[in-house]
Amino acid sequence: MRILLAEDDPMIGASVRRGLTQDGFTVDWVEDGRAAEAALSDRIHDALVLDLGLPRKSGLDVLGAMRRRGDARPVLILTARDAVADRVAGLDAGADDYVVKPFDLGELSARLRALLRRGAGRAEPVVIYGSLAFNASTREVRVNGEPVQLSARELALLEALLARPGAILSRAQLEDKLYGWSDPVESNAVEVHIHALRRKLGADLIRNIRGVGWMLARRDSAAA
Amino acid sequence: MTSIRYRLLVWLLIGAVVAIAGAAIGTYLRARDEANALFDYQLKQMAASLTDAPFAAVAPNSPALGSGADALVVQIWDRNGVQLFLSQPRRTLPQHAQLGFTTVATEHGEWRVFSTLAEGQVVQVAQPMSARRELAASMALRTIVPLLAALPFLALFAWLTIARGLSPLDRVADAVASRSPTVLEPLSETGLPSEVRPLVHALNGLLEQLDQALVAQRSFIADAAHELRTPLTAVHLQAQLAERASTDAERSAALYELKGGLERATRLSEQLLALAREEPGVSNRAPVDIDIGATARTVIADLAPLAAAKGIDLGLNETPGVHMHGDADALATLVSNLVDNAVRYTNPGGRVDVLVRSDAGASLLEVRDNGPGISMEDRERVFDRFYRGAAAHAAGAARGSGLGLAIVRRIAERHGATVTLGPGVDGKGLGVTVRFPA
């Protein structure tokens with residue numbers, strides 16, 4: 001899952017990016033409101049973590065403009081403990097959740113996962129797809145009840161595919177989920193990771209549509 | 001005795017008693033004069049009547065002479081000095097040859113004597129002076145007794161009137177007592193006597209100043225708490241990352257960042273302290289004569305490692321012997337904040353010049369850089385505490401406390417100096433000029 005982080009404090013921003021990356025998110029970090037708007041217009045992020053006190057354009061303005069454009073992606077705001085009015089204004093402007101500074105990185109990740117899950121219409125943290133079970137919270141994958149070890153990139157790829165079952169995702173779309181702006185994109189990386197996933201989870205799970213991209217196989221065939 | 005009421009009452013009563021005493025003395029003196037005239041006339045009449053009648057007719061102890069201590073004494077001598085008559089044998093009067101009125105001292109006190117010569121005989125009529133004094137004293141007493149009797153009523157009336165007159169003070173005291181640091185609204189100045197109004201007016205001025213100071217203090221504390229939260233949030237996150245680290249390399253990297261976060265929080269708290277120390281009325285250090293160039297050299301030596309780490313050319317251009325009068329620590333803080341800001345916001349490889357010179361008797365300290373400068377619209381606001389200009393945001397990790405220029409301005413104000421912002425090195429960047437008046 002690729003997250004846009006809009007935070008103007010360099011230390012807080014760097015720490016949040018590192019923490020979320022450790023928890024399996026791909027994170028892009030912007031330090032002001034206008035940069036956040038520009039990044040949102042690319043529509044490559046699954047969720048936005050927004051500090052309200054951004055320079056150049058306030059977080060509240062970014063959020064309001066986003067919702068007016070009909071952009072319904074989950075937004076989690078970072079607020080101060082005593083700034084109840086800010087929090088209320090943020091939620092009213094269309095934020096889905098908030099964490100209070102100073103916050104716990106684990107809590108931030110958990111809330112983000114919950115937002116993304118609910119955004120996908122699921123209440124359970126565990127996605128069951130045929131014989132495959134993926135727990136987004138613990139990053140645990142099981143096939144027929146047996147745990148399978150996947151790398152961070154493989155997990156990100158699987159998560160992207162599971163998020164839109166039945167849809168064909170292009171190489172560029174998958175790369176967007178795997179790499180932040182600052183990460184160097186390895187050539188053929190998507191093919192390498194898809195190959196590894198097929199090897200670990202079963203060759204039938206992911207189908208390649210030549211010249212278009214990849215999609216999850218139908219649920220019944222994956223169950224076979 | 002500090003009660004106005006008590007003091008007023010005592011002085012009023014003392015005044016009344018003195019006035020009564022004065023009236024008594026006046027009455028006494030006047031009555032004595034009148035008694036003298038009256039009794040002298042009486043003596044003269046008596047002498048005249050005696051010379052008209054044969055002396056034998058004047059019987060001893062006759063009612064006309066009176067009796068007792070006040071009684072008149074009559075002596076008659078013949079031409080040869082033989083005493084022919086003495087009305088009261090126990091009384092001894094000097095054989096006085098002087099005619100007319102005289103006052104003589106005897107063993108029985110002073111006597112008033114009238115002597116006259118008639119038909120070869122000397123007739124002398126005498127009366128003790130004490131009679132006259134007693135009469136005068138009794139008249140004086142009659143005058144003052146009613147006044148003395150009225151004195152307690154006067155005192156009571158004065159006590160009540162003074163209390164009434166002082167009641168506005170009680171009202172003001174109640175109103176002041178009902179004020180507290182949270183309720184500092186001005187006292188009502190209507191309906192107050194002209195003696196109390198200036199006091200209330202002055203109190204209101206003080207209350208207003210107090211209120212402003214408290215509001216400033218509260219907003220400062222709120223701002224400070226808010227500003228401290230950001231570095232503390234960073235430290236909190238950095239500590240969590242250190243906790244999560246699974247390898248030694250990750251852990252030491254996380255701890256390195258945590259150290260940076262702690263340094264930032266420490267720097268902010270130091271800057272807050274520096275600002276608090278510059279609050280008006282806090283510092284009471286005696287002003288001393290300071291060599292500005294020497295202070296600048298010390299500060300530059302302290303900050304040289306920071307400048308060197310960023311590859312910034314930091315230097316001093318000094319006219320020797322430029323002095324100012326003031327607080328040496330505060331001046332060092334001022335110079336340090338300016339140079340620190342310049343080094344912090346100037347890009348690596350930039351240049352920071354510190355200039356110390358005098359101009360028309362004033363001492364000038366300038367810090368110029370060729371960094372990003374400050375836009376015109378930001379120039380006034382950068383002096384507000386916790387305000388960071390666009391450049392400060394762009395400076396990213398080198399971000400400061402937002403207090404540097406606020407501290408500089410506060411110190412400058414305390415020394416009567418002015419701070420102006422202008423262009424820096426070669427017309428680029430920022431130049432801050434502090435002008436200490438002569």
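The following legends describe close-up views of a predicted model.

**View 1. The cis peptide bond between K101(A) and P102(A).** The omega angle of this bond is about -5°. P102(A) is placed in the loop that lies between β5 (97-101) and α5 (105-119) of chain A.

**View 2. N144(A), a non-glycine residue with positive phi.** The phi angle of N144(A) is near 50°. This residue belongs to the loop between β8 (140-143) and β9 (146-148) of chain A. N144(A) counts as exposed because it has 11 C-beta neighbours inside 10 Å, the limit for exposed residues being 12 or fewer.

**View 3. A360(B), a non-glycine residue with positive phi.** For A360(B), phi is near 50°. The loop that holds A360(B) lies between β9 (351-359) and β10 (362-369) of chain B. Because A360(B) has 7 C-beta neighbours inside 10 Å, it counts as exposed.

**View 4. An open sheet of 5 strands in chain B.** The strand order is β2-β1-β5-β4-β3, and the pairing is antiparallel. At the edges are β2 (83-86) and β3 (100-106) of chain B, each of which pairs on one side only. Neighbouring strands of the sheet are turned against each other by 20° on average, direction ignored.

**View 5. The pairing of β3(B) with β4 of chain B.** These antiparallel strands are joined by 7 bridges, and β4 comprises residues 109-118. G100(B) has S115(B) in β4(B) as its bridge partner.

Key: Residues numbered from 1 in each chain as written. Chains lettered and ligands numbered in written order. Predicted model: local features only at pLDDT ≥ 70, side-chain atom pairs only at ≥ 80, totals over all residues. Helix = DSSP H or I, 4+ residues; strand = E, 2+ residues; numbered from the N terminus. Buried ≥ 20, exposed ≤ 12 C-beta atoms within 10 Å, placed from the backbone. Pairing = 2+ DSSP bridges. Axes fitted to C-alpha atoms, helices over the stretch in contact; angles between N-to-C directions.
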